[in-house]
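Here are some notes for a colleague opening this structure for the first time. Please read them with the model on screen.

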Amino acid sequence: MELVGVYRVLPKIRMTIPKEVAERMGLKEGDKLVVYYDEENNRMVVEKWKK
């Protein structure tokens, strides 16, 4: 796992995906993401939904 940066949570608890991460993941508008919460390590893991 690679640290890309530190970002703020926006109003209404929104988060922006950094452009370089979106490009690496091949994300485009309308794509769906799956979010996992790892309670043990207090981490959020986000991956592109594959269907």
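**Notes on the model**

1. Glu2 and Arg24 are both exposed. They form a salt bridge, with the closest N and O atoms 3.0 Å apart. Glu2 sits in the segment before H1, while Arg24 belongs to helix H1, so the pair ties together parts that are 22 residues apart in sequence. Keep in mind that this is a predicted model.

2. Now the overall plan. The protein has one helix and two strands. Along the sequence the pattern reads α-β-β. The C-alpha atoms fill a box of roughly 30 × 25 × 25 Å along the principal axes.

3. How much of the protein is buried? Of its 51 residues, 4% count as buried. The protein exposes about 5,300 Å². Carbon and sulfur atoms supply 53% of that area.

4. Contacts deserve a look too. Take the contacts between residues at least 6 apart in sequence. Of these, 6% join residues at least 24 apart.

5. Next, the strands. S1 and S2 run antiparallel, and six bridges join them. Together they form a hairpin with four residues between them. Within this pairing, Val35 of S1 stands opposite Val46 in S2.

6. Look at the turn of the hairpin. Asn42 lies in the loop between S1 and S2. Its phi is positive, about 50°, although Asn42 is not a glycine. Most residues other than glycine have a negative phi. Asn42 counts as exposed, at 57% relative accessibility.

7. Lys12 lies in the segment before helix H1, which spans 19-25. At 73% relative accessibility, Lys12 is exposed.

8. Which residues make the nonpolar surface patch? They are Met15, Ile17, Met25, Leu33, Val35, Met44 and Val46. The patch covers about 560 Å². Two elements give two or more residues to it: strand S1 (33-38) and strand S2 (43-48). Val35, one of the patch residues, is exposed with a relative accessible area of 51%. The cut-off matters here: exposed means over 50%, so Val35 at 51% qualifies.

9. Back to the charges. The structure holds four salt bridges. One of them joins Glu23 and Lys19, with the closest N and O atoms 4.0 Å apart. Both residues lie in helix H1, four residues apart, and are therefore separated by about one helical turn. Glu23 is exposed, at 54% relative accessible area. Lys19 is exposed as well, at 63%.

10. Finally, a linked set. Lys28 and Asp31 meet through their side chains in a salt bridge, 3.5 Å from N to O. How exposed are the two partners? Lys28 counts as exposed, at 57% relative accessibility. Asp31 is partly exposed, with a relative accessible area of 26%. A network of salt bridges links Lys28, Asp31 and Lys48.

Definitions and conventions: Residues numbered from 1 in each chain as written. Predicted model: local features only at pLDDT ≥ 70, side-chain atom pairs only at ≥ 80, totals over all residues. Heavy atoms only, no water. Patch = residues over 30% accessible without salt bridge, like charges linked within 9 Å, V, L, I, M, F, W, Y side chains within 5 Å. Areas by Shrake-Rupley, 256 points an atom, 1.4 Å probe, with all protein chains shown as cover. Buried < 20%, exposed > 50% of the residue type's maximum accessible area, 1.4 Å probe, protein only. Pairing = 2+ DSSP bridges. Contact = heavy atoms within 4.5 Å.
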